[in-house]
Amino acid sequence: MPLQSLTQALKTGYQNKYTMKKIEQRFQTYSESHQNATNKTIHWICVPLIFWSIVGLLSCIPMYPIQLDPLGTISAVLIAAFALVCYYYFKLSPPLTFVMVCLNLFFIISVAAINKLLAQNSVFLYISVFAISWVFQFIGHKIEGKKPSFLQDIQFLLI
């Protein structure tokens with residue numbers, strides 16, 4: 001497919017065969033290393049926790065804080081990251097973008113509330129959740145007997 005056609009399709013929000021194939025290929029490749037039921041369960045729990053902890057860590061960066069009354073404060077860096085993640089998912093799949101926007105908004109609201117409740121101690125919660133979730137991810141892959149997909153392609157960290 002010519003680059004100009006792909007660019008036009010993305011600008012109009014039309015999900016063409018090229019981009020659908022791309023997301024389907026990513027999910028297919030991802031699923032090949034996630035066949036074991038225990039590993040799948042670990043991933044269903046830990047992947048959202050890792051993503052949530054990253055949202056939390058980004059919210060703690062003290063650059064241009066944004067007050068979400070009455071919930072708490074987040075960083076403008078988090079909003080910028082949110083926009084980039086949404087753009088990435090839009091390039092893959094507009095329906096998936098909708099799901100990710102809703103999930104991200106839930107995560108942003110929850111971390112703003114936790115930041116208000118725990119203040120500067122919230123960063124320790126996010127680091128702990130991040131580290132423990134990654135340990136379980138690797139345990140899951142040890143059980144599965146296959147390496148994580150992101151070792152082949154870093155973009156799998158966003159899938």
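**Reading the terms from the values**

Modeller: N104 is buried, with a relative accessible area of 3%, and its place is in helix α5. Please keep in mind that this is a predicted model.

Biologist: Why is N104 called buried?

Modeller: The word applies under 20% relative accessible area, and N104 has 3%, so it counts as buried. Leaving out residues up to four places away in sequence, N104 touches F51, V55, F82 and V85.

Biologist: What makes V101 partly exposed?

Modeller: V101 is also found in helix α5, and its relative accessibility is 24%. Apart from its neighbours within four places in sequence, V101 is in contact with F82 and C86, and the C-alpha atoms of V101 and C86, which are 15 residues apart along the chain, are separated by 6.7 Å.

Biologist: Is I108 buried or exposed, and how do you know?

Modeller: I108, found in helix α5, has 6% relative accessibility and therefore counts as buried, the cut-off being under 20%. With neighbours within four places in sequence set aside, its contacts are V55, L68, I74, L78 and F82. The C-alpha atoms of I108 and I79 are separated by 9.0 Å, although these residues are 29 residues apart along the chain.

Biologist: Which residues of α4 are buried, and why do they line one face of the helix?

Modeller: The buried residues of α4 are L78, F82, V85, C86, Y88, Y89 and L92. Seen down the axis of α4, these buried residues fall within an arc of 160°, so they line one face of the helix. The face turned away from that buried side carries the exposed residues L84 and Y87.

Biologist: How does the reach of α4 compare with what is expected?

Modeller: Helix α4, residues 76–92, has 17 residues and reaches 25 Å from its first C-alpha to its last, close to the 24 Å expected at 1.5 Å a residue.

Biologist: What makes S75 a cap for α4?

Modeller: A side-chain oxygen of S75 lies 3.0 Å from the backbone nitrogen of V77, and in this way S75 caps the N-terminal end of α4. That distance can be set against the limit for a polar contact, which is within 3.5 Å.

Biologist: Why are α3 and α4 called oblique to each other?

Modeller: Helix α3, residues 37–59, and α4 pack at an angle of about 140°, with their axes 7 Å apart. Roughly antiparallel would require an angle over 145 degrees, and roughly perpendicular covers 65 to 115, so α3 and α4 are oblique to each other. The contact is made by F51, V55, L58 and S59 of α3 and V77, L78, A81 and V85 of α4.

Biologist: Against which helices do the buried residues of α6 pack, and what follows α6?

Modeller: The buried residues of α6, including Y126, V129 and W134, pack against α3 and α5. After α6 comes G145, whose phi is positive, near 85°.

Biologist: And how many helices and strands are there in the protein chain?

Modeller: The protein chain has six helices and two strands, which follow the pattern α-α-α-β-β-α-α-α along the sequence. Of its 159 residues, 36% count as buried.

Notes: Residues are numbered from 1 along each chain as its sequence is written. This is a predicted model: local features need pLDDT of at least 70, side-chain atom pairs count only at pLDDT 80 or more; totals for chains, interfaces and linings use all residues. Side-chain values use heavy atoms; hydrogens and water are left out. Helices (H or I, at least four residues) and strands (E, at least two) are DSSP runs, numbered from the N terminus. The expected span of a helix is 1.5 Å times one less than its number of residues. Buried means under 20% relative accessible area, exposed over 50%, partly exposed in between (1.4 Å probe, protein chains only). The arc is that of the directions from the helix axis to the C-beta atoms. A polar contact is a pair of N or O atoms within 3.5 Å; within protein, one must be able to donate a hydrogen and the other to accept it, and residues adjacent in sequence count only if both atoms are side-chain atoms. Axes are lines fitted to C-alpha atoms, for helices over the stretch in contact, and angles run from 0 to 180 degrees between N-to-C directions. Angles under 35 degrees count as roughly parallel, over 145 as roughly antiparallel, 65 to 115 as roughly perpendicular and the rest as oblique. Contact means heavy atoms within 4.5 Å.
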